[in-house]
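Student: Could you take me slowly through one part of this model, the place where the ligand sits, and tell me what surrounds the ligand there?

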Amino acid sequence: MSTAPVKSMDAIMALCKRRGFIYQASDIYGGINGFWDYGPLGSQLKKNLRDAWWQDMILRPCWGKAGPNGNPVRCVPVETRIVQHPKVWEASGHVAGFNDPMVDCRETKGRYRYDHVQVYVPASGDAGDKPVFAYVGDQPSEAKQLKKAQKTFGEVKSVLLSSIPQPWARVIGPDAEKPGTLTEPRQFNLMFKTYIGATAGENDVAFLRPETAQGVFVQFKNVVDTTRVKIPFGIGNTGTSFRNEVTPRNFTFRSREFEQAELEFFCHPDESVAWYKFWRDFRMEWWKSLGLAGENLILREHEKDELSHYSQGTSDVEYRFPFTAPGFGELEGIAHRGNYDLTQHQKVSGVKLEYNDTERGELLPNGARRGERYLPHCIEPAAGLDRGALAILCEAYTKDESRPSPEFMKIHPRLAPIKAAVFPLVAKDGMPEIGEKLHAELTGKFWRSGQIDFDEKQSIGKRYARMDEAGCPYCFTIDGDTAKDQSVTCRDRDSGQQTRIALDKVAAFLGEKIGV
Ligand code: ATP
């Protein structure tokens, strides 16, 4: 278990606002619950994360590594709409099943996801006439209820609320004083409703998509028919999804509007488990490569009884956010979905979605193949870009009182919104001119991946501190010696160390560090 102190979420949120990473949506109107905007630094950070996903999943999947079949992995993108035909959500099961049963507390007015509520009961399991103590993991109620339960029973264990027969007359709700205040679980549909057309009525209801994945299944046939993709291959889709979350919380972690990056990888059923393991492991490696290394990141394989009936495996990449510590929160789910989705869409649309695999199937006497027809199986790595950006920000936030800039952001150079800064030490003696030239050279080379800053005001210490908070990995300072020896000072954000480097080597140095 980690011994590092848990970072303060308040401090991270304050820095995010102060430096323009993340703002409350509609801030001047008091905000709107469950919605967040990105400022200048945050929007570039998120774009860099989205681009990294696109590059490593679509343009050069898995960094060029071979898949389990020994061949390079092939993927293509689509961009599908937020509003789909309402039947899409019937087929996908979202209309019927996309709701989390919730439990309300009559005393505190708190509302909890039914599957999240646990109860401390005596280790023997038999509480007799005594009340038992409900809580929600990773919430303050957990420690409070544990203390009370231990005082009442001594040794205790934790069980799911759903394992206790209703009505829960002896259950004390997470923040309640009296027993018996929890209601029976109720369903709430999480899809946002909208109406299509200017004079729309109840017959014109549509929904804002709760996930990007269904757009891929709906276009599967068009992609197969109009491009030269062959099984196995993936179709990626990124974009905004909406869920009317009952309790949005923990900064952007649970928002009502968020961005997803999902890949649906289609393969032959016989190869599906191998592809599932391949994607699960690559996705974990990918998050690590962006700086979420070490003990804050885990791959959690779901237990058999957690799996959907069609799934042969699901894993979550989970990150230890400050608000979940010592526990973890989901960043991405990698699911073996079998052929569930294509089966459903084939059934509801009436359109055949089978794939004709001409590399398999019966060999005819003339040497040709008849082709095997089947509904491919699908492996789905489904990542959240907002949760991803939040994990990057939480991991990056570093406090070190011994530095002149006690708070700094160790953002991975590939994702850093500002890639470098150029500082003339003083605004005279030809330094600004050399600085402007270097700034123009670096901007010309690196504008595709982020900003190059230029600043000649304030003390050099203050300028370094500003860049540290913005997560800028390198600063190049032009000083009195530059004109004489054609070298600059290169300051490293993480170590604070300063080294001399030749002026004409700066671009090559930076390119290597930020991977461009
Ligand atoms: P959770 O159990 O936390 O509600 P989920 O299992 O329903 O998440 P998926 O349907 O698997 O999530 O969605 C894939 C990814 O989309 C998640 O791993 C997460 O990164 C992101 N995501 C889902 N819901 C939200 C949300 N309300 N706010 C921000 N990101 C979200």
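**Around the ligand**

Tutor: The ligand has 16 residues around it, and among these R243, E245, R254, S255 and E330 come nearest; a residue is taken as near a molecule or strand if one of its heavy atoms lies within 4 Å of it. Before we go on, please keep in mind that this is a predicted model, in which local features need pLDDT of at least 70 and side-chain atom pairs count only at pLDDT 80 or more, while totals for chains, interfaces and linings use all residues. Residues are numbered from 1 along each chain as its sequence is written, and side-chain values use heavy atoms, with hydrogens and water left out.

Sorted by class, the shell around the ligand has four nonpolar, five polar and seven charged residues; here Ala, Val, Leu, Ile, Met, Phe, Trp, Tyr, Cys and Pro count as nonpolar, Asp, Glu, Lys and Arg as charged, and the others, Gly among them, as polar. β13, β16 and β19 (377-384) each supply at least two residues of this shell, and the largest share, four residues, comes from β16. Strands (E, at least two residues) and helices (H or I, at least four) are DSSP runs, numbered from the N terminus.

Now look at single atoms. A polar side-chain atom of R254 lies 2.8 Å from an oxygen atom of the ligand, and a polar side-chain atom of R387 lies 3.1 Å from an oxygen atom of the ligand. With L331, by contrast, it is a backbone N or O atom that lies 2.9 Å from an oxygen atom of the ligand. The protein covers 82% of the 590 Å² of accessible area that the ligand has on its own, where accessible areas come from the Shrake-Rupley method with a 1.4 Å probe and, for residues, only the protein chains shown count as cover.

Finally, follow strand β13 (residues 257-267), in which E259 lies. E259 counts as buried because its relative accessible area is 9%, and buried means under 20%, exposed over 50% and partly exposed in between (1.4 Å probe, protein chains only). Leaving aside neighbours within four places in sequence, E259 is in contact (heavy atoms within 4.5 Å) with residues including K46, R50, T238 and D386. The side chains of E259 and R50 are joined by a polar contact of 2.6 Å. The loop between β12 and β13 holds F251, which is buried because its relative accessibility is 7%.

Conventions
Polar contact = N/O pair within 3.5 Å; in protein donor to acceptor, adjacent residues only side chain to side chain.
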